[in-house]
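Please examine the model below with attention to what lies inside the fold and what lies at its surface.

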Amino acid sequence: MQIEYKTKKLKKVLTDPVLIQKNFGDNAKKVAQRMQEMRDAPNLAVLISIPAARCHSLSGNRQNEYAVSISPNHRLIFEIANDPVPGNNDGSVNTLLVTIIRILESTDYH
């Protein structure tokens, strides 16, 4: 998938192995792994099918956002960046057609 970033700083932190290690410490390997999985997945449906990533849609005030797991509490949060968002007839997102995501943040929201 094509990956965009909310800020230039976030892009730098998530694409530079030295900064990944500096910013994520013990979780650095998982962050690098998730970033690679996102780059390698041709679409959102494939990313959702990777068990270790535990990719899932969020709800409440984070509706229209998705998360992948870094640790039990830590997540990379992203949104669909395809414009328009590919949809199905029932109003749901067609994850097979989602090929662009925008990473919003890395957070512990629990």
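Arginine 34 is located in helix α3 of this predicted model. Is this residue buried or exposed? Arginine 34 has a relative accessible area of 3%, and since buried means under 20%, it is classed as buried. Leaving aside residues up to four places away in sequence, arginine 34 touches Ala52 and Ala53, together with Val68, Ser69, Ile70 and Leu76.

Helix α3, which spans residues 28–40, is also among the elements that cover the buried residues of α1. Helix α1 comprises residues 8–15, and its residues Leu10, Val13 and Leu14 are buried. These three lie on the same side of α1 because they cover an arc of only 90° around the axis. Besides α3, the cover over these buried residues includes the strands β1 (2–5), β4 and β5 (100–108), as well as helix α2 (17–24). On the face of α1 turned away from the buried side, Lys8 and Lys12 are exposed.

Strand β4 also takes part in the largest pocket: β4 (74–80) and β3 (65–69) are the elements that give two or more residues to its lining. The volume of this pocket is about 150 Å³. Its lining is formed by Ser57, Leu58, Gln63, Asn64, Glu65, Tyr66, Glu79, Ile80, Val85 and Val93. Sorted by class, the lining contains 5 nonpolar, 3 polar and 2 charged residues.

Technical notes: Residues numbered from 1 in each chain as written. Predicted model: local features only at pLDDT ≥ 70, side-chain atom pairs only at ≥ 80, totals over all residues. Heavy atoms only, no water. 1 Å grid on protein atoms, 1.4 Å probe; cavity = no way out; pocket = protein on both sides within 12 Å on 5 of 7 lines; lining within 4 Å. Points joined across faces, edges and corners; volume = space filled by probe spheres on them. Helix = DSSP H or I, 4+ residues; strand = E, 2+ residues; numbered from the N terminus. Nonpolar A, V, L, I, M, F, W, Y, C, P; charged D, E, K, R; others polar. Buried < 20%, exposed > 50% of the residue type's maximum accessible area, 1.4 Å probe, protein only. Arc of directions from axis to C-beta. Contact = heavy atoms within 4.5 Å.
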